[in-house]
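Okay, everyone, thanks for coming. Let me put the structure up, and then we'll walk through it together.

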Amino acid sequence: MGKDLSYKDKKVITIGIVRDLTGLSERQIRYYEERKLIFPERSAGGSRKFSFSDVELLMEIANKIEDGIQTHEIRKELLRDQKKINQDAIRRKMIQGQLNAQFGIRKN
């Protein structure tokens, strides 16, 4: 697992709990995973583990499906959003590096 994960991003929730929280069936949740909209981790025994962020994303997906948006369109949107997040993170690192260089701050 990645370092410094927020509690929202830790994969600790079973599919049964996700079903109860979202109102989605286990089949729907597995389908969204098959369509590469959600990426649960697997326990040593093979059980799916979800995070609170995954639960929120599943609710967004379910709402979009209900509005008639196709899964491939949702996946494109999610990829676009992730690309923007990654670009923003790179931009922040570059700006921080420029500021550090300007003020003589060195990271060890």
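Predicted model: local features only at pLDDT ≥ 70, side-chain atom pairs only at ≥ 80, totals over all residues.

So, Arg106 counts as exposed, at 76% relative accessibility. Quick word on terms: buried means under 20% relative accessible area, exposed means over 50%, and partly exposed is in between, with a 1.4 Å probe and protein chains only. Arg106 sits in the segment after α4, the helix of residues 71-102. Helices here are DSSP runs of H or I with at least four residues, strands are runs of E with at least two, and both are numbered from the N terminus.

Residues are numbered from 1 along each chain as its sequence is written, and side-chain values use heavy atoms, leaving out hydrogens and water.

Ile105 is also in the segment after α4. Together with Ile95, Leu99 and Phe103, Ile105 forms a nonpolar patch on the surface, about 410 Å² of accessible area in total. For a patch like that, we take residues with over 30% relative accessible area and no salt bridge; nonpolar side chains (Val, Leu, Ile, Met, Phe, Trp, Tyr) are joined within 5 Å, and like charges within 9 Å. The areas come from the Shrake-Rupley method with a 1.4 Å probe, and for residues only the protein chains shown count as cover.

Now, salt bridges. How many does the structure hold? There are 11, counting a side-chain nitrogen of Lys or Arg within 4 Å of a carboxyl oxygen of Asp or Glu. One of them joins Lys11 and Asp54, at 2.7 Å from N to O. Lys11 lies in the segment before β1 and Asp54 in helix α3, so this pair ties together parts that are 43 residues apart in sequence. Buried or exposed, these two? Both Lys11 and Asp54 are buried.

Another one pairs Lys64 with Glu77, their closest N and O atoms being 2.4 Å apart. Since Lys64 is in helix α3 and Glu77 in helix α4, that bridge ties together parts 13 residues apart in sequence. Lys64 is buried at 17%, while Glu77 is partly exposed at 25%.

Then there's Glu26 with Arg30, at 3.5 Å, N to O. They're 4 residues apart in helix α2 (residues 26-34), so about one helical turn separates them. Glu26 and Arg30 also belong to a network of salt bridges with Arg19 and Asp20.

Back in helix α3, residues 52-66, have a look at Ile65. Ile65 is partly exposed, at 30%. Leaving aside residues up to four places away in sequence, Ile65 touches Tyr32, Thr71 and Ile74; contact means heavy atoms within 4.5 Å.

Last stop, the sheet. It's an open sheet of 3 strands in the order β1-β3-β2, with antiparallel pairing. β1 (13-14) and β2 (41-42) are at the edges with a single partner strand each, so one side of each has no neighbour in the sheet. We say two strands pair if DSSP finds at least two bridges between them, and β1 is joined to β3 (residues 48-50) by 2 bridges. Across that pairing, Thr14 stands opposite Lys49 in β3.
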